[in-house]
Amino acid sequence: MRIRLDWFGEKLAQRLADLEAGRIAPAAPRDAATVMLLRPAAAGTGVEVLMLRRVAAMKFAPGAYVFPGGSVDPADYDAPVGWHGPDPAEFGARLGASAEMARALVCAAVRETFEEAGVLLAGAPDGGPVADTSDTSDPFGPSWEAERAALVAGDVTLAELLSRRGLVLRADLLVPWARWITPEGEPRRFDARFFAAALPAGQVATGHAAESDRIEWLRPADAIESARAGQISLLPPTATTLHDFAMADDGPAAGQDAVLEVLGRRPVIEPVMPRLVLEDGQAWLDVPDEVGYPL
């Protein structure tokens with residue numbers, strides 16, 4: 001499928017020409033992770049997904065509706081974090097990554113979800129996930145919001161936060177389902193692995209003002225329809241993964257557990273890398289037909 005882009009310029013045209021002529025090499029993509037949080041929709045009508053609208057000042061995708069996520073940090077690789085769930089090698093087999101990389105991606109997914117949405121996919125070693133991270137006061141130490149601010153500022157690592165709270169990372173809550181690589185023509189590229197997770201009972205999602213100016217829970221099909229109507233902006237990977245969930249979410253009989261179970265059947269996640277081209281002064285994005293882009 002070919003998607004017409006509304007932006008292009010001499011800098012982009014020159015970059016694509018230089019790439020085609022071999023004068024420059026494509027930028028190396030940065031490893032990244034993003035999480036699609038699910039909760040039951042109102043009146044038992046399927047599921048809703050958490051979406052954040054990126055602030056207009058952001059360099060990447062300003063104004064777009066996205067899922068919580070971001071780049072893998074160096075600390076995500078070697079942090080001595082407690083772990084519950086499938087081991088990193090099992091995640092790596094599905095994500096096309098080494099065990100070391102898979103471990104870093106899962107750590108980044110959990111960290112970014114807490115930083116950007118205030119939802120912590122962690123729990124006690126012998127119990128369920130954290131029940132509530134919305135409490136702003138804690139007589140025995142930093143509040144959850146203070147912990148979140150320290151994590152965003154880089155004053156504490158995810159491993160340190162979990163350790164002093166007596167928690168472990170709940171890898172079992174994450175379901176891998178997609179991998180998208182930014183086109184070679186872009187100067188800013190990501191190799192993003194997408195995960196899905198149910199919102200833990202008792203937790204409340206709250207946005208991070210520096211990166212998002214709106215937070216909404218939307219039915220996947222409704223988000224796609226809003227994008228078709230021009231009411232919201234969706235990047236191709238976001239729209240496609242929403243479409244995946246819309247197909248799995250077939251009404252009251254589905255629910256978040258059934259949706260996650262459907263997505264969890266995919267044994268290996270194949271990477272998708274669209275191609276950016278310029279023809280007669282118009283920029284186009286070529287997306288493989290088999291991914292099911294809905295817009």
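The buried residues of helix 6 (residues 158–165) are covered by elements that include helix 4 (99–117), strand 7, helix 5 (144–153) and strand 8. Contact here means heavy atoms within 4.5 Å. Helices (H or I, at least four residues) and strands (E, at least two) are DSSP runs, numbered from the N terminus.

The structure is a predicted model, in which local features need pLDDT of at least 70 and side-chain atom pairs count only at pLDDT 80 or more, whereas totals for chains, interfaces and linings use all residues. Residues are numbered from 1 along each chain as its sequence is written, and side-chain values use heavy atoms, with hydrogens and water left out.

**Helix 6**

Leu-158, Ala-159, Leu-161 and Leu-162 are the buried residues of helix 6, buried being under 20% relative accessible area, exposed over 50% and partly exposed in between (1.4 Å probe, protein chains only). These four cover an arc of only 165 degrees around the axis and therefore lie on the same side of helix 6; the arc is that of the directions from the helix axis to the C-beta atoms. An α-helix has 3.6 residues a turn, so residues three or four places apart point the same way. Ser-163 and Arg-164 are exposed on the face of helix 6 turned away from its buried side. Gly-166 follows helix 6 and has a positive phi, near 70 degrees.

**The sheet 6-8-7**

An open sheet of mixed pairing is formed by three strands in the order 6-8-7. Strand 6 (83–84) and strand 7 (122–123) each have a single partner strand and stand at the edges, so one side of each is left without a neighbour in the sheet. Two strands count as paired if DSSP finds at least two bridges between them. Strand 7 runs antiparallel to strand 8 (residues 168–170), and two bridges join them. Within this region, Gly-123 stands opposite Val-168 of strand 8.

Strand 3 (residues 47–54) has seven of its eight residues buried.

| Partner of strand 3 | Bridges | Example of bridge partners |
|---|---|---|
| Strand 2 (residues 30–40) | three | Leu-38 and Val-49 |
| Strand 11 (residues 212–218) | six | Leu-50 and Trp-217 |
| Strand 4 (residues 65–66) | two | Arg-53 and Tyr-65 |

Arg-179 belongs to strand 9 (residues 175–181) and is buried, its relative accessible area being 13%. The side chains of Arg-179 and Asp-191 are joined by a polar contact of 2.7 Å. A polar contact is a pair of N or O atoms within 3.5 Å; within protein, one must be able to donate a hydrogen and the other to accept it, and residues adjacent in sequence count only if both atoms are side-chain atoms. Leaving aside neighbours within four places in sequence, the contacts of Arg-179 include Leu-95, Gly-96, Ile-269 and Glu-270.

Asp-286 is found in strand 14 (residues 282–286) and counts as buried at 16% relative accessibility. Beyond its neighbours within four places in sequence, Asp-286 is in contact with Met-1, Arg-2, Pro-274, Arg-275 and Val-277.

**The chain as a whole**

The chain has nine helices and 14 strands, and 52% of its 295 residues are buried. Of the contacts between residues at least 6 apart in sequence, 72% join residues at least 24 apart.
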